[in-house]
Amino acid sequence: MSTDTKAPAADQPDAGETPEAKPSFMRLFGRYLTEANSVMVTIYSLILAFLIGAILLIVSDEYVRSTYTYFFARPQDALSASWYLVRDSYIALFEGAVLNLNTLDRFAAGTAEFGDLLRPLSETLTYATPLIFTGLAVGLAFRAGLFNIGAQGQMIFGMLGALIIGFSFSLPAVIHLPLAIIAGAIAGAAFGAVPGVLKATTGAHEVISSIMLNNIAGLFLVWAIGTGFLHSETKSDLITKPVDESAVMPKLLSGLSESLRVNWALPLGIAAAVFTWWLLSRSTFGFRIRAVGFNEHASATAGMRIGSTYVTTMAVAGGLAGLAGAALSLGVGSSGITTNTALEYGFDGITVALLGRANPGGIVAAAILFGALKAGALSAQPDVPVDISTLLQAIIVLFIAAPALVKAILHLRTPRGGLVTLEAKGW
Amino acid sequence: MAVDTMTSSPAVVDESVPTRFIKPGTAFSVLGLLLIVIAFAVVSTGDTTTIAFDRTLTDVEWALPTTACVAVLGAIAAAAGAWMLVGLPKRRLKLVSAVAVTAFVLGLLFWAYSQPGTVFRAESILAGALFLSLPYLFGALSGVVCERSGVINIGIEGQFLMGAFTGVLVANVTGNVYAGMVGAMIAGLLSTMLLALLATKYQVNQVVVGVILNLLALGFTSFMYDQLKKAEGLNSAFSVPTLSWGPLADIPVLGPVLFQQKIFVYIGLALVFVVWFLLYRTRWGLRTRAVGEHPAAADSMGVNVNRLRFWNVTLAGLISGFGGAWFTIANSLAFGKNMTAGLGFVALAVMIVGRWNPLGVLAGALIFGFTTQVARDLDASGGSVVPGEFLQMLPYVVTLVVVAGLIGKAKAPAADGVPYNPGDK
């Protein structure tokens with residue numbers, strides 16, 4: 001993702017104004033708040049998304065809709081019904097993601113453990129973990145000017161790779177666990193390299209080829225789980241063998257409570273983010289990635305091999321998505337994986353990378369936010385439709401990708417240096 | 001990429017001089033020989049492939065010896081490949097390639113339907129192929145209208161979802177299935193209007209926003225699906241009647257394929273010619289193509305580039321929204337989460353196969369429809385040697401091959417995906 005300055009001259013703030021006396025802090029702060037800089041655009045995107053989400057909750061709820069039929073006779077009914085619906089829905093999301101107020105009461109009364117109190121947060125981090133990896137997979141490719149939609153498929157192959165190594169051997173955990181994780185990364189990298197190779201050799205756009213590979217991987221997973229090699233020996237439904245105990249990803253907080261699912265994949269994800277940051281900003285390869293992403297023709301003229309950069313970038317991205325798969329396979333513990341284990345972490349990685357603006361630090365933060373949305377939505381269903389998390393995510397990143405829209409809706413001022421937008425590319 | 005296509009000028013070649021085509025020649029020769037090997041090594045000698053005319057001439061069944069048929073078809077493909085290797089006039093290349101591909105595909109079909117219990121029900125399969133080609137056709141036509149004016153529409157998948165969902169909802173609310181179709185079109189229009197606004201006024205990255213709009217449509221329709229499930233009778237299946245054209249419907253093969261279909265088929269076929277006519281025979285079409293190839297030139301001739309793009313993309317939503325109604329109304333299904341299953345993206349591949357031309361799109365859509373239909377039929381018959389999941393992968397694999405094999409040669413409109421800012425000149 002490269003920054004691009006597009007500021008029509010008329011919108012330039014204070015252009016040509018003579019410097020006045022030093023403005024007060026409050027004034028500067030106020031100016032910052034009403035400016036479409038990337039921090040404020042992010043904040044406003046979140047606010048707008050939750051507002052739109054509230055409206056959709058209201059119009060789609062049958063009972064609340066019925067109160068609107070007599071709005072002009074008794075407006076307070078409709079308004080209070082709307083308010084309680086939105087409030088209850090968002091509180092339910094909050095309780096599932098951050099802190100359950102009920103448990104807090106019980107904790108205060110002494111009937112709940114401290115571990116119970118941490119459960120929603122543990123869930124949030126559990127869902128955030130794969131998102132960190134898939135977000136990095138999309139974000140890294142973004143920096144090379146590649147739109148990697150294929151994280152879902154790469155993750156599925158990572159799942160299978162880690163699973164196969166995980167159940168095939170019984171080794172000491174210090175060897176087995178890393179081996180299974182690496183297997184996941186390699187499987188993901190191999191699958192991820194395919195769109196890169198296709199783009200480098202034939203010019204096929206990575207968006208279409210990686211979408212097709214996602215569909216292929218999804219069907220492959222359904223088939224693979226059913227085969228005798230992978231299928232569970234004890235259960236009849238579509239589930240695989242579990243990984244050997246020595247390859248199970250250990251839980252992070254098992255000392256506090258066994259029900260806290262967050263495991264060591266989370267620190268691994270943060271390590272992956274640090275690695276990606278180092279790769280992008282401190283290594284020669286990262287320089288090549290960013291140069292190609294910024295201007296491939298100039299990079300080619302400077303002697304960089306564009307094709308091989310595409311292939312290696314996609315392979316590394318695939319490897320990161322493969323790690324998400326490994327984290328899932330090895331994290332489910334004593335049960336095997338099903339067609340449902342992958343959820344939509346790969347697709348959510350796209351929104352994570354966009355919200356994190358393809359920066360490793362931003363991606364970790366975005367992954368935790370969207371992990372929280374997912375944990376909240378899953379715990380609040382069926383009172384709140386579970387897809388509210390997808391919906392809110394999509395609205396948020398739509399605004400992030402189109403900051404001019406936020407600027408227009410809220411009448412914000414253009415910041416010095418222009419809006420941060422994405423560089424456009426054709427087929 | 002836009003820049004490359006601008007600089008390459010067409011070389012003047014005498015088309016009647018024999019030329020060698022090494023790559024396709026080798027490929028077809030190898031594939032043809034492979035078929036011959038299959039015919040003798042894999043197929044048992046007594047196997048037959050049965051072809052039936054199941055709708056009109058129900059008592060006719062042709063049982064053909066599989067080995068001989070596959071071997072002959074393989075020989076034809078190999079011979080075509082050999083001719084390319086030896087050298088053939090360039091103007092014959094298309095025809096010879098078409099013959100080679102057809103022979104190879106038919107050979108595979110003869111092999112696939114040689115298992116006992118499988119019958120190639122020619123009329124049902126061809127009629128089904130035409131019907132299944134429709135989502136690809138509508139999606140790709142919508143893509144053509146957008147991309148010919150220089151806006152990439154990756155959001156077709158999302159427009160399908162919105163159309164599929166809204167179609168059923170409106171049909172349920174009004175009780176009229178045709179109102180549902182109109183509702184689907186309007187839903188598609190509103191979705192593309194957002195893309196059009198972002199692409200022209202706000203000049204965002206069209207691919208990124210297209211993908212986000214897909215996620216938005218997926219989230220929105222799934223969310224609404226869960227919410228509306230609580231209320232009764234908002235997501236019941238509606239269907240349209242199959243139109244039968246009297247005596248024409250009884251013609252063998254042609255009757256069931258062309259004269260016994262739902263209204264979607266006729267609208268789809270008509271649209272191909274309408275879009276073709278509009279693009280190549282009207283002022284609007286000329287302007288659209290000009291804006292897609294060289295917006296600055298069109299601008300200097302007085303065309304408002306961004307306004308034209310805005311309306312083209314917005315109106316293309318009518319087509320993809322209607323395509324969405326195919327998933328629910330034409331198939332007599334209620335809406336289901338993510339029921340479009342990536343076909344919107346396959347439609348983009350069809351658009352590329354069809355080289356951004358409505359007639360080419362029709363041919364591409366038919367090929368994809370046929371592949372999908374055969375895969376489904378083999379899967380359902382249970383006589384297939386290949387697992388069902390792999391058969392379902394076929395359209396995706398074909399898309400991959402097509403996109404990889406054609407994209408360099410099939411040229412996108414030069415300004416496709418590049419936002420136009422009149423101030424940048």
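**Entry 1: what covers H11 of chain A**

I began with what covers the buried residues of H11(A), and the cover includes helix H6 (114–143), helix H10 (265–282), helix H12 (296–301) and helix H13 (306–331) of chain A. The model is predicted: local features need pLDDT of at least 70, side-chain atom pairs count only at pLDDT 80 or more, and totals for chains, interfaces and linings use all residues. Residues are numbered from 1 along each chain as its sequence is written, while chains are lettered from A and ligands numbered from 1 in the order in which they are written. I noted that helix H11 of chain A spans residues 284–294, and that Arg288(A), Ile289(A), Ala291(A), Val292(A) and Gly293(A) are buried there. A residue is buried if 20 or more other C-beta atoms lie within 10 Å of its own, exposed if 12 or fewer, and partly exposed in between, with C-beta atoms placed from the backbone. Helices (H or I, at least four residues) and strands (E, at least two) are DSSP runs, numbered from the N terminus.

**Entry 2: chain A as a whole**

I counted elements next: chain A has 17 helices and 0 strands. Its radius of gyration is 24 Å, close to the 22 Å that the globule rule gives for 427 residues, so chain A is as compact as a globular protein of that length. The radius is taken over C-alpha atoms, and the rule is 2.2 Å times the number of residues to the power 0.38. Along the principal axes, the C-alpha atoms of chain A fill a box of roughly 70 × 65 × 40 Å. Of the 427 residues in chain A, 51% count as buried. I also looked up contacts (C-beta atoms, placed from the backbone, within 7 Å). In chain A, 75% of the contacts with a separation of 6 or more are between residues 24 or more positions apart.

**Entry 3: confidence in chain A**

I checked pLDDT, the predictor's confidence in each residue, from 0 to 100. Chain A has a mean of 87, and 93% of its residues reach 70 or more. Residues 1–17 of chain A have pLDDT below 50, and this stretch has 26 contacts in the model beyond near neighbours in sequence. At residues 423–427 of chain A, pLDDT stays under 50 as well, with 21 contacts beyond four places in sequence. I keep in mind that where pLDDT is low, the predicted coordinates should not be read in detail.

**Entry 4: chain B as a whole**

I turned to chain B, which has 17 helices and 7 strands. A compact globule of 425 residues would have a radius of gyration near 22 Å, and the 23 Å of chain B agrees with that. The C-alpha trace of chain B spans about 70 × 65 × 40 Å along its principal axes. Buried residues make up 52% of the 425 residues in chain B. Among contacts in chain B between residues at least 6 apart in sequence, 78% join residues at least 24 apart.

**Entry 5: a sheet in chain B**

I found an open sheet of 3 strands in chain B, in the order E3-E2-E5, with mixed pairing. Strand E3 (61–65) and strand E5 (120–121) of chain B are at the edges with a single partner strand each, so one side of each has no neighbour in the sheet. Two strands pair if DSSP finds at least two bridges between them. E2(B) and E3(B) run antiparallel and are joined by 5 bridges; Thr49(B) has Leu64(B) in E3(B) as its bridge partner. Strand E2 (residues 48–52) of chain B runs parallel to E5(B), with 2 bridges between them. Ile51(B) is partnered by Phe120(B), and Ala52(B) by Arg121(B).

**Entry 6: Val170 of chain B**

I looked up Val170(B), found in helix H7 (residues 156–174) of chain B. Val170(B) is buried, with 23 other C-beta atoms within 10 Å. Apart from neighbours within four places in sequence, Val170(B) is in contact with Ala179(B), Gly180(B) and Gly183(B).

**Entry 7: where the chains touch**

Notes. Two residues are in contact if their C-beta atoms, placed from the backbone, lie within 7 Å.
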